[in-house]
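This briefing is meant to be read beside the sequence and the coordinates. Please keep both in view while going through the points.

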Amino acid sequence: MAMDISEVEEFARKCRVEIVKMVHRAQAGHPGGSLSEIDLISALYATRLRVKPENPDWNDRDRFILSKGHASPGMYAILAEMGFISHEDLKSYRVKGGVCQGHVDMKWCPGVDFSAGSLGMGLSFGMGCAIAAKLDGSNRNAYVMVGDGEIQEGSVWEAAMAATHHELGNLKLFVDCNGIQNDDFCEAQMRMFDIPAKWNAFGWAVKVIDGHDMTSIVEAIDWMDSIQDKPAVVIAKTIKGKGVSFMENNPAFHGAAPSDEQLAQALSELGVEA
Amino acid sequence: MSRMAATRDGYGDALLALSDNPKVVVLEADLGKSTKSLHFRKAHPERTVSCGIGEQNMLLVAAGMASNGYIPFASTFAIFTERAFEQMRNGVARPNLAVHLCGSHGGTHTGTDGSSAQSIEDLAIYRTLPNVVVMHPCDDVSTKALTMQLPDLGKPSYMRTARNKTPVLYDGKEDDIQIGKGVVLREGSDVAIIACGVLVHESLEAAEKLSAEGIEATVVDMHTIKPLDTDLIDALAEKCGAIVTAEDHSVIGGLGGAVAEHVVGSTPVPIEKIGVQDRFGESAGAEEMLEMMGLKSHHICDAVKNVIARKV
Ligand SMILES: Cc1ncc(C[n+]2csc(CCOP(=O)(O)OP(=O)(O)O)c2C)c(N)n1
Ligand SMILES: [Mg+2]
C-alpha cells in the first residue's frame, strides 16, 4: 500500500475512533497504550509492511509482533482497516467466541503473528522469526512493538543481547515510550534513565523520534530498513491516550473504559460528527 | 442476599493490618492496584519495594530480604508469578525462606482478559515444591484470616486470589479459618464435595439442588491445598464413600489431583473431578467462562450422580 503522509494520518485517525469505540463497547480493555502506538503501527502497515490481507498466512510476509498485547484494540483497528478482518469483527472484542480476544492471539485472529499477553516475550519471538527468515533465504523482516514499562522485563535484554550477537539486520523494534505503565508513571514505578543509551550499549542501531509526527515516523521506518548488519530500534516519544484529551498522559486510562459521555466527547475530539 | 466481595480485597486488608509488624515488607511488580497491595504501599511507602515489571527479580529480592529477617509479601497476577517459578523453586523453596507469594486474578473466572491471563495451573505447579504451603480461599474474610497467619508460618507460601466478587461466607467466623484445616460448610452422607475458591459457592448451590432430589452432600471449603487436610478427607471417604472435587483450575495436578493422590493410598473411593479439562480458556465473562469450562453447579450435580453410581 502506498499512501502519502496525510492519508496515513487519516488512516490513524480512523483507527483511533475504532479503539475508543471498542473499549467503550466492552467496558474493559486498554485504550491508553493503543492510542500511543497507533501512529507508529499505522505508518508501518500503510507504507511498508509486505502482507496480503487476502492470504494472511503467506509465509513470506513481513511479521509484526505486538508484544504489548494488551494494546490489542490498536492492532484490531489496523487489521480491520487493512481488510484482514471486518469492521463487524471489531464488535467481538472481549466477547465470547470473538476473533478479537482481550490480548492479541495468533490462534484466533487472522493477521496476528504472535499470541501475546505476557509482557517481555515478543522480542525473543521476533528474533526467532528473523532467524527463520535468514534460514529460508528470505528478505522478509520481523518488526516488534514493545512498551516502555515492558522493557523492564529481563527477558527483553536477553533478546537484545542475542540479536546483536546474531547480527539480525532483519529484526526491527519500536519502543512506545509513553512514560506510563500499569500502576503509575514509569518514573514512579521503575526509573529507566537513558533508554537510548541502553540500546546503544547492547549494540543496536538507535533512533529517537516523535512518535506522533507522521513524517518523522515514515522517515524512521525508511532508516530502520536501511540498516542491514544489525538490529535497529526506533525509540518513539509518545503520549499515552494521544488524541483524546482526558486520556492523554493519564495513568487512569491505561486499562479503563470511557463512560457514555466520555465516549461522546472522545468521538467529537476525533472528528466524528455527532 | 449475602455480602459480595473479592478475595483480593481480603489480601489487601490483611497486608495493611499486618503493617504494625515492622518486619513485614511488600514487593510489587506494577500490579499493586490490582492485587491490592496498594493500600500497604500508600501507608508504608518506605517498606514497599517497587520492582517494575520484573517478576523474576521480585521473587529473589524477596528471598534476600527474608534471609535478612524480613517477612516479604510479593504479589502479581497468578499467571505472572509463574514466570518466576524457577526462582521460587531454587531461590525460595529450596532454602526454605519464608517468602509469601500471592497470585491474584487466578482461574478462568478472571474473564475477558482471555487465556493469557487465566492461570489454570498455578496450584499444581506450586504444590510440587517441597516446603511451600499452597492456598486458595473462597471469600475475603478467609483470605484475610489466612494471610494474617502467614508471618508465623516460618516457611514459603503461595496463595491464589481471584479478581471478581463472590458471596462472603465467613463474616464473624474468622476463627474457623486455620491454614491446613478444611472447613465443613454442610453435612451429608451420600457424597463429599471438596472445593476451593470460586467453586466453593457453586458447590454449595449444587448441594442445595441435590438435596431437593434427596441426595445429601457434605461440602468442604479446602482453602489449603498443601498441606492437605488428609484426616478430614479420610473421614469423609469413610462416611460418604464417594468424592467430587471442584476447582477453577486444570483437572491435572490441582486440588482434584491432590485429593486423588491421597485417597488412592488410604481409603480408595470413587472420585469425579470438576475442573478445566486440559484446555485453555478464552475471552468471556466470568459466569460464561464457568459455564464453558464445565464448572457450574449443574456440572457438579451431574458429577455427583456419576460418582454415586460408581459406589460399590
Ligand atoms: C509479564 C507481565 N507482567 C505484568 C503484566 C500486567 N500488565 C499489563 S499492561 C502492564 C503495563 C505495561 O506498560 P507498558 O509496557 O508501558 O505499556 P503501555 O504503556 O504501552 O500500555 C502491566 C504491568 C503483563 N501483562 N505481563
Ligand atoms: Mg508505557
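The points below cover a metal site, a set of salt bridges and a charged surface patch.

The structure is a predicted model. Three protein donors hold positions around the magnesium ion (ligand 2), namely A:Asp148, A:Asn178 and A:Ile180, while the count of salt bridges over all chains comes to 30.

**Magnesium site**

- Along the sequence, the spacing of the donor residues reads D-x29-N-x1-I, and both A:Asp148 and A:Asn178 are buried.

**Salt bridges in chain A**

- A:Arg48 and A:Asp225 form a salt bridge in which the closest N and O atoms are 2.6 Å apart.
- This pair links distant parts of the chain, 177 residues apart, with A:Arg48 in the loop between helix 2 (31–47) and strand 1 (63–66) and A:Asp225 in helix 8 (residues 214–226).
- A:Arg48 counts as partly exposed at 23% relative accessibility, whereas A:Asp225, at 15%, counts as buried because the cut-off for that class is under 20%.

**Salt bridges in chain B**

- B:Glu28 and B:Arg41 meet through their side chains in a salt bridge of 2.9 Å, N to O.
- Because B:Glu28 lies in strand 2 (residues 24–28) of chain B and B:Arg41 in helix 3 (residues 38–43), the pair ties together parts that are 13 residues apart in sequence; B:Glu28 counts as buried, at 2% relative accessibility.
- B:Lys305 forms a salt bridge with B:Glu213, with 2.9 Å between the closest N and O atoms.
- B:Lys305 lies in helix 13 (residues 297–309) of chain B and B:Glu213 in the loop between helix 9 (198–212) and strand 11 (217–221), so this pair ties together parts 92 residues apart in sequence; B:Lys305 counts as partly exposed, at 33% relative accessibility.

**Shared partners in chain A**

- A:Glu37, A:Lys68 and A:Asp176 are joined into one network by salt bridges that share partners.

**Negative surface patch**

- A patch of negative charge on the surface gathers A:Asp4, A:Glu7, A:Glu9, A:Asp210, A:Asp213 and A:Glu219.
- A:Asp4 is placed in the segment before helix 1 (5–26) of chain A, and A:Asp4 is partly exposed, with a relative accessible area of 42%.

Note on methods. Residues numbered from 1 in each chain as written. Chains lettered and ligands numbered in written order. Predicted model: local features only at pLDDT ≥ 70, side-chain atom pairs only at ≥ 80, totals over all residues. Heavy atoms only, no water. Patch = residues over 30% accessible without salt bridge, like charges linked within 9 Å, V, L, I, M, F, W, Y side chains within 5 Å. Areas by Shrake-Rupley, 256 points an atom, 1.4 Å probe, with all protein chains shown as cover. Salt bridge = Lys/Arg side-chain N within 4 Å of Asp/Glu carboxyl O. Lys, Arg positive; Asp, Glu negative; His and termini not counted. Charge placed at Lys NZ, Arg CZ, Asp CG, Glu CD. Helix = DSSP H or I, 4+ residues; strand = E, 2+ residues; numbered from the N terminus. Buried < 20%, exposed > 50% of the residue type's maximum accessible area, 1.4 Å probe, protein only. Donors = N, O, S within 2.8 Å, 3.2 Å for Na, K, Ca; no water.
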